[in-house]
Amino acid sequence: LSRVRALDGAVHAFLETTEELALSQAAALDAAVAQGRGSELGPLAGVPVAFKDNMNLTGAHTTCSSNMLRNYVSPYTATCVQRMLDAGALGLGKLNMDEFAFGSSTETSAFGPTCNPWDVERVPGGSSGGSAAAVAAGLACVTLGSDTGGSIRQPGSFCGLVAVKPTYGVVSRYGVVAFGSSLDQVGPFARSVEDAALAMNALAGRDPLDCTSQAVDTDFTANLAEGVRGMRVGVVPAFMEAQGLAPEVKAKVQEAADHLRKLGAEIVEVDLPNAQAAMSAYYVLGPCEAFSNLARFDSVRYGYCDPGHADLGAQYEASRHRGFGLEARRRIMLGSYLLSSGVYETYYYPAQQVRTLITQDYARAYEQVDVILAPVAPRTAFRFGEVTDPTSMYLSDMFTISINIAGNGGMSMPVGLGADTGLPVGVQLIAPQFKDENMLRAAAALE
Ligand code: GLN
């Protein structure tokens, strides 16, 4: 907590600290140790953690970095947060993000941006930029983020961290403010693969409060020391030749493939013929789901209420106009249009068909390989204000989005600094559905 007080002024990862919670948890742990019950403590006992601000924690604000929820205090705790606390982790507070998780730079936060601790003139990535920056600056050992199209993996890459988006259904979404319910998944940021795997052990599993969550009894730490001998690692030529992929990033992915080969893995080329349509499908499906999910912020049930309107329609309009920032309004307008009659048939329905094709592409690829190696982001962390038009910002996720579309697990693994920019580069490891342990095993070999 004193490190956060001393250093977060320069980083702005935290929106709120929960000192009382952390100190009372720490006191309870101390008391247990003093009474000789130390061996009964949870696997994350005493580990300082923090949460993206779209995750509810009783008594703390959950703002989603939006003016819409500036004053919202959580009346309950998200399952992912509760599981970390139940494992003994100390909750330090809530972390900055792009508004409602729309973005790739944390610049759309209503509370101002978060800086990349590697170079404070650069973005930490997004939308879970606060979660990445907090771990990179040593303000927490593990943080949680959410990933709808790349929001854990891309900031993980920009900040040099291990950052895991599990297979859809591994972690409960209960209590996490929804963006795209069929795409959202919670996962950890950490400094080592083992730390991330320990957090995965705490997070994973069936939750009766989220009907899409699955029973998982994997010990994610079990095979980390196994190495990659005999593992089949896929590389996707179309990803490696993609326009816009920086040479320094491409070089790092190639080095990682060479390294895995030297350790005994077999490198196999695989095709994902429909993956190039993932971006188009995502920017139809994502806004449609966001439009639907954000309808609840109507100034009556939740959120900012613009005062002085006699007419309910005018109150809705003014509250949503003033409560939501530009990118949130853009997504809502887009989703509203795409779901309107006549348009729905032309865009939404085909996007769902593309989704099936991409899911089948991945399933077919995993008949040949155990894990896929790819870039995370086309380039390293950019400067504030450098990427201004929405389309260029959306391209930050060109290598991560198809994984959310298909529902597979994906993670960013730091592999050193780029030769041109000297900034952290991550490589992406992508697992078959519900075989997230495969990517952690390959990642451990790259550590
Ligand atoms: N950058 C992507 C978007 O803005 C993904 C965001 C996310 O994963 N939450 O939609």
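Modeller: Two strands pair if DSSP finds at least two bridges between them. Helices (H or I, at least four residues) and strands (E, at least two) are DSSP runs, numbered from the N terminus. This is a predicted model, in which local features need pLDDT of at least 70, side-chain atom pairs count only at pLDDT 80 or more, and totals for chains, interfaces and linings use all residues. Residues are numbered from 1 along each chain as its sequence is written.

Colleague: In what order do the 11 strands form the open sheet?

Modeller: The order is β1-β3-β2-β4-β6-β5-β10-β11-β9-β7-β8, with mixed pairing. Strands β1 (14-17) and β8 (266-269) are the edges, each pairing on one side only.

Colleague: How do strands β9 and β11 run, and how many bridges join them?

Modeller: Strands β9 (residues 371-375) and β11 (residues 424-431) run antiparallel, joined by 4 bridges. Leu373 has Leu429 in β11 as its bridge partner.

Colleague: Which strands does helix α15 touch?

Modeller: Two residues are in contact if their C-beta atoms, placed from the backbone, lie within 7 Å. Helix α15 (residues 436-445) packs on the sheet and touches β5 (162-165), β7 (232-235), β9, β10 (409-417) and β11.

Colleague: Which residues come nearest to the ligand?

Modeller: A residue is near a molecule if its C-beta atom, placed from the backbone, lies within 6 Å of it. Of the 13 residues around the ligand, the nearest are Ala101, Ser104, Thr148, Gly149 and Ser151.

Colleague: What are the spans of the C-alpha trace along its principal axes?

Modeller: The spans are about 70 × 65 × 45 Å.

How values were computed. Axes are lines fitted to C-alpha atoms, for helices over the stretch in contact, and angles run from 0 to 180 degrees between N-to-C directions.
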